[in-house]
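Colleague: I'm new to this one. Can you walk me through it?

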Amino acid sequence: MQSDVPGHKQDFPSRRGVMDRSVMEGQGYYNQHSRPQSGIVEFALPALRRAAESCPLDEDARDVVIADLGCSQGRNSIEPIAQAIEILRARSSSKRPISVVHSDLPSNDFNSLIQLIEQDGSSYQRRFEHVFSYFQGRSFYGRLFPDSRVSLAWSSAAVHWFSLLPAPIPDHIWAPRAAPALKAAYASQAAQDWLTFLRHRSQEIRIGGQLLIIAASVDDAGIAGGDGLADQANDVLTSLVADGALDAAEYADMTIAAYSRTLDEYLAPLVKHDPDIRFAVEETAPQLLICPFDAEYEEHGDIKRFAADYAEFFWATYGPSLFTSLRRPRAPEEELELGAELRRRLAAQVATAPDLAACQWRMMLLRLVRNSD
Ligand SMILES: C[S@@+](CC[C@H](N)C(=O)[O-])C[C@H]1O[C@@H](n2cnc3c(N)ncnc32)[C@H](O)[C@@H]1O
């Protein structure tokens, strides 16, 4: 499929791994600059509580396993996991062991994650006993658990990331801005990825177990919600090429490796008769998530702060994905400076056109329950 997609550069290998296209900015930066994602989590909490109320608990003393899929550095995981534990505790003995497996790509910043879970005062580890945390560096497009091991799986703002990017967009960075042929290739890869994800979870989640997903979506007009900010970032990148800070070939390879699915695309493998997919759809809920920076700006009125918030969020979430495309030999400090310059220029763009930057993310919640075999 790759060779006939416009813009694909077969002879232009990345110097980072394929998976690094979807990892967040490290050294705790994502934890500090992911408040929009925390709004997504908040929306999903009532459905998570319903999932925790009805997932299976045996009478024996075996641990109950919660999976946190695509956890990043954990800041947005601690509250949902704490709420799930609280409900599971109320449903069984206070000594019943609960295992929480935080899972993400091998290049994730696990140091920040582990420190947060083990040491931070806000962690569920400070609130509950007999809870065991595990940290797993493996793609959720592969098997993560033995058969029927998981009672409750949670994944927020993660399953819209590709397992691999079919091809870069030569003149933009944002999938909704791709030409139709490329969009079709993205849709096909996203369908394959979602199928793979569901097939693995069908094996791993116990009968009656629950899978709660909240991830990027698009509305009927194909709007994902971050389009204006992505346009501004794209303008910044082209200005960096014009100034010689970035090579044209580096820019041409830069693409955020994520795809926002329609509800029909999320449901397609679940409503088809696929013997490898064993989930019933319990709930779906679209959500329009207005970025918290907008309401905060109304209160504080500081355009510089508003612009910095957006630039830092953009960098925390998408910077590493874009910078997998850097090829020119650069010293580490030069690369850091390039990232800092991107943020400065993006903040300046946002400050000039704040209405364009303002993000209204279209998200989709799905609560799935594992069928009997
Ligand atoms: C936007 S962050 C969301 C993090 C966190 N769940 C939250 O709500 O803030 C997306 C996370 O998904 C992870 N991710 C992307 N593709 C993945 C894959 N194939 N397997 C596991 N994790 C993946 C990224 O590394 C990143 O940490």
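Modeller: Here are some helix contacts, the ligand shell and a couple of residues.

Colleague: What kind of model is it, and what pLDDT do local features need?
Modeller: This is a predicted model: local features need pLDDT of at least 70, side-chain atom pairs count only at pLDDT 80 or more, and totals for chains, interfaces and linings use all residues. Residues are numbered from 1 along each chain as its sequence is written.

Colleague: Start with α9 and α10. At what angle do their axes cross?
Modeller: Roughly 165 degrees, with the axes of α9 (residues 292-300) and α10 (residues 303-323) coming within 9 Å. That makes α9 roughly antiparallel to α10 (over 145 degrees; under 35 is roughly parallel, 65 to 115 roughly perpendicular, the rest oblique). Helices are DSSP runs of H or I, at least four residues, and strands are runs of E, at least two, numbered from the N terminus. Axes are lines fitted to C-alpha atoms, for helices over the stretch in contact, and angles run from 0 to 180 degrees between N-to-C directions.

Colleague: Which residues make the contact?
Modeller: F293, Y297 and H300 from α9, and R305, F306, D309 and Y310 from α10. Contact needs C-beta atoms, placed from the backbone, within 7 Å.

Colleague: And α10 with α11, at what angle do they pack?
Modeller: About 135 degrees, with axes 8 Å apart. That makes α10 oblique to α11. Among the contact residues are A307, A311 and W315 of α10 and L342, L346 and V350 of α11. The contact divides into 13 nonpolar, two polar and three charged residues. Nonpolar covers Ala, Val, Leu, Ile, Met, Phe, Trp, Tyr, Cys and Pro; charged covers Asp, Glu, Lys and Arg; the others, Gly among them, are polar.

Colleague: Switching to the ligand. Which residues come nearest?
Modeller: G70, S72, N76, A158 and W161, of the 22 residues around the ligand. Being around it takes a C-beta atom, placed from the backbone, within 6 Å. By class, the shell has ten nonpolar, eleven polar and one charged residues.

Colleague: Where is I173 found?
Modeller: In the loop between β4 (150-156) and α5 (180-204).

Colleague: Buried or exposed?
Modeller: I173 is buried, with 24 C-beta neighbours inside 10 Å. The cut-offs are 20 or more other C-beta atoms within 10 Å for buried, 12 or fewer for exposed, and partly exposed in between, with C-beta atoms placed from the backbone. Residues touched by I173 include A230, L237, M254 and L322.

Colleague: What about R344, which helix does it lie in?
Modeller: Helix α11, residues 332-352. R344 is partly exposed, with 14 other C-beta atoms within 10 Å.

Technical notes: Two residues are in contact if their C-beta atoms, placed from the backbone, lie within 7 Å. Lists of a residue's contacts leave out its neighbours within four places in sequence.
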